[in-house]
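Colleague: Could you take me through one part of this model in close detail? I would like to follow the side chains there and see how they connect.

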Amino acid sequence: MAAAESPSAALRRRDLCSRGIRLAGKMRADVVDLLDAYVEQQGLDASASVAAMEGVPLAAVERWDEQTGTQRLLENLAAYRAFRALLAQMLEEQREQLGEADAGLGRALAAVLLQVSAFAYHLEELLRLESRGIPGEEGDGPPPPPRLSLFEQKLRGLGVLRELAQWAVRSVRDLRQLGKPSSAAGTAPGLAESP
Amino acid sequence: MANPVPSACCVVLAAVVVVYAQRHSQQDSHIQYERVGADVTMKCGSMDWDAAVTWTANGTDIDESHLNGSYLILKNVDLSQSGQYSCYEGSSWHLKYQTYLRVGTPPKEPVLMCRSNNYPKGFYCSWHLPTPTYIPNSFNISVIHGTKDMVCEKDAVPKNRCHIRYLQLFSTVKYKVTLTVTNALGKNFTTLTFDEFAIVKPDPPESVVAKPVPNNPRRLEVSWQNPSSWPDPESFPLKFFLRYRPLILDQWQHVELSDGTSHTITDAYAGKEYIIQVAAKDNDIGTWSDWSVAVHATPWTEEPKHLTTEAQITETTSASTSSFMAPPTTKICDKGAVVGSGAMAVCWTAGLVVAAYSVFFI
C-alpha cells in the first residue's frame, strides 16, 4: 500500500524541484553560450551532424510522459555524472591543446563543469528525499576509450555540449513533472504506486 | 399478359443510351496537358491527313487557318485555349476524336513550413505552390528522423497539411522533411531540415480581454488564456509578451511576463483608447507566437460633475447674512480680462475660496 507523502516532504520536494529548475535553466543558458564559443574556437560547422558517441548520454527518450519520478531522477543523475567526467576530460584536452591560448573557453568549460556537479548533487538530494538509494558511481567502470585524434576530440566535444544542452531542457521538464502537487517520485503520471 | 412491344422498345433505347454514353465517356476522358507557350498538334483520331474534317473548340468551329490537313495546329498556346476540342468527319458530322486540352505549367519549387503548436505531442507541415500551375498537382511528403522513416498523416482539412506524432523527445537528431510536387508537365521538390526545438511555436493566446479598473484612470486590466491547441500548459508552461499603445501613438510599450495569464497596465494615459495584444512562447524553447487578436480599452474616467456657474456662486454669496462682503468674482474671472487656461483656473479657485469664506461667516 502506497504511503502518502507528508506535507513537509511534499513542500521540500517542490522547493527542491523549483530550485533545480532554476539551476537547470541557468546551466542551459551557459551551455548554449559555451557551445557557440566552442564551435567558433574549434573551427567547426555549427550545423554539422555528430553521430552518437560512446559514453555520451543521449537526452532523447521515448514515452517521456510515462516515466515515473524515480526513473526521471535516476536517468538524470546518471547523465550528469557522465557529463561531469566528460567535461573534465574536455577541460584537460583543452589545456593540452591550447595551454593558456584560450583561457576564456577553459574558464567557461570549468564554470559549466561546476554547474553540472552542483546539479548532480541536487539530484542526489531529491533522491534522498524520496528515500531512494543513491546509486554508487562506477569507480571501476568501463575502461577509458581509445585516444581520439584532435578532430575526433573536437567533434566529441561538440556532441557532448549539444547533448548537455538537450539534457538541461529535459531536466527542467522532468523536475516540473516531479514538482507537481499530485506527483510523488515513485508513481507514473495517473498511475497509483503498486503495493 | 404484359405487352412485349413497350418492353422491347425500352431495352433498345437503353442499349442506345449505353453505347452513346460509352462512346462519349471514352472520348471525354481523354485529357491532354500542354505547357504554356508550347505548339500543339492534334490528330483527328485515325482519320487520314487529307480527310475533310471540322474541328471545334468548346462547341465553336475553329477556322481552317489552324488546320494542316486534318491536323489541328495550335501555336504558342496560352491558358485561354484550355477546353474541349472535337473533330468531326466532313459532311457526316460523325465525332471522330475528342480531347480536353489543359494548358498549364510544371510546378515551381513548393513552399514548405513545419511547426509544432502542440508540443510535445507532435508537429505539422503545410505547403503551397508559389504560383499556380492551372493543372492538377499531387504532393508527396517524406519525413526522416535519423535513419527512421516517419509517417506524416494527411489532414482532411486543410488538404495541404499533414501531422506527425513525436516518438522521441529531446533528441539532437534533426528531422528532414522532403516535399515533392508532381503534375503532368513536371515535378519539383523542397527539403527542410530542423531540430525538435526550433519549430516549436504556439498559437496566439485566446480570449484576450482588457477592462478599465474602477477609480483608476491610468490602469487597464488585461487577461487572456493559453491557446487551446497547447496540450499541457502545466508541464510545458508558456510565457507571454504583452504590447500596448494608445491609438493616437505609433510606439508600443512591451511587457514580458514569465507566468500568469493576466497583467495590469499602470501607466496608461487617462482617457485614451488603447490597443492591446499578447503573444506566447514556450518557457524554454522555440519562438514567439503571432500576436493575438487586438483588443481595445479605455481607462476609467470620472463622471463629469455638474459645473456651478458664476451666477450661482454670486447668488449664494450674496444670500448669506455675513457681514463680510465678498468681492465680486466675475470681474476677476472675466474671460476678456485673462489670458490662458491657467489664469482661468486661478480665477475659479479664487472665486470658490471667497465663496467658502462667505458661507463660513454666515
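**A close look around S235(B)**

Modeller: Happy to! Let me start with a polar contact: the side chains of S235(B) and Q177(A) are joined at 2.4 Å. Please keep in mind that this is a predicted model. A polar contact of 2.7 Å also runs from the side chain of S235(B) to the side chain of K180(A). Setting aside neighbours within four places in sequence, S235(B) is in contact with R173(A), R176(A), Q177(A) and K180(A). In chain B, S235(B) belongs to the loop between β19 (216-225) and β20 (238-246). Is S235(B) buried or exposed? Its relative accessible area is 0%, so S235(B) counts as buried.

From here we can turn to the aromatic rings. F236(B) is part of a cluster linked by ring pairs, together with W64(A), Y119(B), F123(B), Y166(B), F170(B), Y175(B) and F194(B). Over all chains, the count of aromatic pairs comes to 19. Take W64(A) and F170(B): their ring centres are 5.8 Å apart and their planes stand at 70 degrees, so this pair is edge-to-face. W64(A) sits in the loop between β1 (61-62) and α2 (69-98) of chain A, while F170(B) sits in the loop between β15 (168-169) and β16 (175-183) of chain B, so the pair joins two chains. W64(A) and F170(B) are both buried.

The rings of F123(B) and Y175(B) make another edge-to-face pair, because their centres lie 5.5 Å apart with the planes at 70 degrees. F123(B) is in strand β10 (residues 122-128) of chain B and Y175(B) in strand β16 of chain B, so this pair ties together parts that are 52 residues apart in sequence. Both F123(B) and Y175(B) are buried.

Now for the domains. Chain B is assigned domain 1 (28-104), domain 2 (111-194) and domain 3 (206-297). The C-alpha centres of domain 2 of chain B and domain 3 of chain B are 33 Å apart, and their contact takes 5 residues from each of the two. About 560 Å² is buried between domain 2 of chain B and domain 3 of chain B, with carbon and sulfur atoms giving 75% of that area. On the domain 2 side, N117(B), Y119(B) and P120(B) lose the most area to domain 3 of chain B, together 73% of what that side buries. Y119(B) is also one of the residues in the ring cluster.

One last stop is W252(B): the charged end of R243(B) sits over its ring, 4.1 Å from the centre. R245(B) lies over the face of W252(B) as well, at 4.8 Å from the ring centre.

Conventions. Residues are numbered from 1 along each chain as its sequence is written. Chains are lettered from A and ligands numbered from 1 in the order in which they are written. This is a predicted model: local features need pLDDT of at least 70, side-chain atom pairs count only at pLDDT 80 or more; totals for chains, interfaces and linings use all residues. Side-chain values use heavy atoms; hydrogens and water are left out. Helices (H or I, at least four residues) and strands (E, at least two) are DSSP runs, numbered from the N terminus. Buried means under 20% relative accessible area, exposed over 50%, partly exposed in between (1.4 Å probe, protein chains only). A polar contact is a pair of N or O atoms within 3.5 Å; within protein, one must be able to donate a hydrogen and the other to accept it, and residues adjacent in sequence count only if both atoms are side-chain atoms. Contact means heavy atoms within 4.5 Å. Rings of Phe, Tyr and Trp (its six-membered ring) pair if their centres lie within 6.5 Å; planes under 30 degrees apart count as stacked, over 60 as edge-to-face and the rest as tilted. A charge sits over a ring if NZ of Lys or CZ of Arg is within 6 Å of the ring centre and within 35 degrees of the ring normal. Domain bounds come from an automatic or database domain assignment. Buried area is the accessible area (1.4 Å probe) that two parts lose on being put together, summed over both.
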